[in-house]
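Please look at the structure below before reading on.

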Amino acid sequence: MGKQVNALLKEMCSSIGYVKKGELFIKEINSDTYSTVHFNLASYQIKGHVLVAPMIGLHYERIEQLLKDISNYSWLKRFNKTIYEHIGYLMPNNAWVEWDFLEYETNLEK
């Protein structure tokens, strides 16, 4: 089931212009700004269920370059998200949300 969910998420993100790089989906907004989407997948709660918790973010190259210039931290050398949040905290209920894909087993796209 996890492979099916991953394939569907990749297809859906690709259809709106995101490219998969590692575990992130990245879409260039302009030469300095990127939109990011990451899907936390978990199957720990109930066997056969895949829970998905989307994380969305933005990467601002100028801000990240400033951080690299004033810091010696090696973790800043990788692609960082300037702003990064779980989608549930940006929704009206302001709470962690996981979607259970088994509910939609006959049609995962729903």
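Strands β3 (residues 33-42) and β4 pair in the antiparallel sense over 10 bridges. Strands are DSSP runs of E with at least two residues, helices are runs of H or I with at least four, and both are numbered from the N terminus. Two strands count as paired if DSSP finds at least two bridges between them. This is a predicted model, in which local features need pLDDT of at least 70 and side-chain atom pairs count only at pLDDT 80 or more, while totals for chains, interfaces and linings use all residues. Residues are numbered from 1 along each chain as its sequence is written, and side-chain values use heavy atoms, without hydrogens and water.

| Partner strand | Bridges with β4 |
|---|---|
| β3 (residues 33-42) | 10 bridges |
| β5 (residues 83-86) | four bridges |
| β6 (residues 99-100) | two bridges |

Single residues show where these pairings lie. T36 has G57 in β4 as its bridge partner. L58 stands opposite I83 in β5, and L51 stands opposite D100 in β6.

Because seven of the 10 residues of β4 (residues 51-60) are buried, this strand is largely enclosed by the rest of the structure. Buried means under 20% relative accessible area, exposed over 50%, and partly exposed in between (1.4 Å probe, protein chains only).

Helix α2 (residues 61-70) contains I63. I63 is partly exposed, with a relative accessible area of 41%. Together with L67 and I70, I63 makes a nonpolar surface patch of about 290 Å². Like charges are joined within 9 Å, and nonpolar side chains (Val, Leu, Ile, Met, Phe, Trp, Tyr) within 5 Å. Accessible areas come from the Shrake-Rupley method with a 1.4 Å probe, and for residues only the protein chains shown count as cover.

Notes: Patches are made of residues with over 30% relative accessible area and no salt bridge: like charges are joined within 9 Å, nonpolar side chains (Val, Leu, Ile, Met, Phe, Trp, Tyr) within 5 Å. A salt bridge is a side-chain nitrogen of Lys or Arg within 4 Å of a carboxyl oxygen of Asp or Glu.
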